[in-house]
Amino acid sequence: MIYKNAHQKPTAHHPNMEIKPELVVLHYTATTSMAQTLHILNARRLSVHFVLSHNGKIFQLLDTEKKAWHAGASCFQDRDNVNDFSIGIELINPGFYKKKSFWRYGWSVQAGRKWGNWPRQQLNSLNTLLLWIRSQHPQCKHVVGHNEIAPGRKMDPGPLFPWSKIKRYKI
Ligand SMILES: [Zn+2]
């Protein structure tokens, strides 16, 4: 499905396979701009269905019924290869502080590290998008962090991510 309120930025990096999404996986980009994010996705030949900018703009790279390459080695409820049945959303956020990182929304300390704050307009946009996804894909019943399907390997969306403000489709 194509979300008509999103800016369309089609990607070539996907296997052109149909999927029936059952969950949404949230990521942070570890970048601070859209240009940087697209550059990295292309350089690594990765894809994701949506990228949400810090100011709430939604970019769609791939139809939600096509398989993207965003989760890597992963497992959800005893099923491997989560890319086969998930929608991936990248949220532009720097993750944890690295030398020279600039993030206009500031940082907060959590678990011994500084993490980029989450701007409200981005979270609002995410909730709008999640509702649209659920309306198009009634069988899509979960919203999880990348860390939950690749524990020990991935940390995103990070310890500061405000899950309590996100519509997690409590069935
Ligand atoms: Zn991720």
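**Chatting through a predicted model**

Reader: OK, and where is serine 53 found?
Author: In the loop between β3 and β4, with β4 covering 58–60.

Reader: Is serine 53 buried or exposed?
Author: Buried: the relative accessible area of serine 53 is 6%, and buried means under 20%.

Reader: Which side chain makes a polar contact with the side chain of serine 53?
Author: That of asparagine 55, and the contact is 2.5 Å.

Reader: Changing topic. Which residues coordinate the zinc ion?
Author: His27 and His146 each use ND1, and Asp156 uses OD. The distances run from 2.0 to 2.1 Å.

Reader: How are those donor residues spaced in sequence?
Author: The pattern is H-x118-H-x9-D. Histidine 27 belongs to strand β2 (residues 23–28) and histidine 146 to helix α3 (residues 146–149), so this pair ties together parts that are 119 residues apart in sequence.

Reader: And histidine 27, buried or exposed?
Author: Histidine 27 counts as buried, at 1% relative accessibility. Histidine 146 is buried too, with a relative accessible area of 3%.

Reader: What's up with the peptide bond from aspartate 156 to proline 157?
Author: That bond is cis, with omega near 10 degrees. Asp156 is also one of the residues coordinating the zinc ion. Proline 157 lies in the segment after α3.

Reader: Now the inside. How many residues are in the largest nonpolar core?
Author: The largest nonpolar core has 26 residues. Those with the most contacts inside this core are Val24, Phe50, Ile89, Leu126, Leu129 and Ile133.

Reader: Which elements each supply at least two residues of this core?
Author: β2, β3 (50–52), β7 (86–91) and α2 (120–136). The largest share, six residues, comes from α2.

Reader: What does valine 24 touch, not counting residues up to four places away?
Author: Quite a list: Ile87, Ile89, Leu130, Ile133, Cys140, His142, Val143, Val144 and Tyr169.

Reader: Let's do aromatics. How many aromatic pairs are there?
Author: The count comes to seven. In one of them, the rings of phenylalanine 50 and tryptophan 132 have centres 6.4 Å apart and planes at 85 degrees, so the pair is edge-to-face.

Reader: Why give both a distance and an angle?
Author: Because a pair of aromatic rings is described by the distance of the centres and the angle of the planes.

Reader: Which elements hold phenylalanine 50 and tryptophan 132?
Author: Phenylalanine 50 is in strand β3 and tryptophan 132 in helix α2, so the pair ties together parts that are 82 residues apart in sequence. Both residues are buried. Phe50 and Trp132 also form one aromatic cluster with Tyr3.

Reader: What about phenylalanine 96 and tryptophan 115?
Author: They form an edge-to-face pair as well, 5.7 Å centre to centre with 80 degrees between the planes. Phenylalanine 96 is in the loop between β7 and β8 (107–110) and tryptophan 115 in strand β9 (residues 113–116), so that pair ties together parts that are 19 residues apart in sequence. Phenylalanine 96 is buried, and tryptophan 115 is too.

Reader: Which residue lies over the face of tyrosine 97?
Author: Lysine 114, at 4.3 Å from the ring centre. Elsewhere, the charged end of arginine 168 sits over the ring of tryptophan 163, 3.8 Å from its centre.

Reader: Where is threonine 11 found?
Author: In the loop between β1 (7–8) and β2. Threonine 11 is buried, with a relative accessible area of 14%. Leaving aside neighbours within four places in sequence, threonine 11 is in contact with Asn42, Leu46, Ser47, Leu61 and Leu62.

Reader: Last one: is phi of alanine 30 positive or negative?
Author: Positive, about 60 degrees, although alanine 30 is not a glycine. Alanine 30 lies in the loop between β2 and α1 (34–43), and counts as partly exposed at 38% relative accessibility. Asparagine 81 has a positive phi as well, near 55 degrees. Asparagine 81 is in the loop between β6 (79–80) and β7, and counts as partly exposed at 46% relative accessibility.

Note on methods. Residues numbered from 1 in each chain as written. Predicted model: local features only at pLDDT ≥ 70, side-chain atom pairs only at ≥ 80, totals over all residues. Heavy atoms only, no water. Donors = N, O, S within 2.8 Å, 3.2 Å for Na, K, Ca; no water. Helix = DSSP H or I, 4+ residues; strand = E, 2+ residues; numbered from the N terminus. Buried < 20%, exposed > 50% of the residue type's maximum accessible area, 1.4 Å probe, protein only. Core = buried A, V, L, I, M, F, W, Y, C linked by side-chain atoms within 4.5 Å. Contact = heavy atoms within 4.5 Å. Polar contact = N/O pair within 3.5 Å; in protein donor to acceptor, adjacent residues only side chain to side chain. Phe/Tyr/Trp six-rings, centres within 6.5 Å; stacked < 30°, edge-to-face > 60°. Lys NZ or Arg CZ within 6 Å of the ring centre and 35° of its normal.
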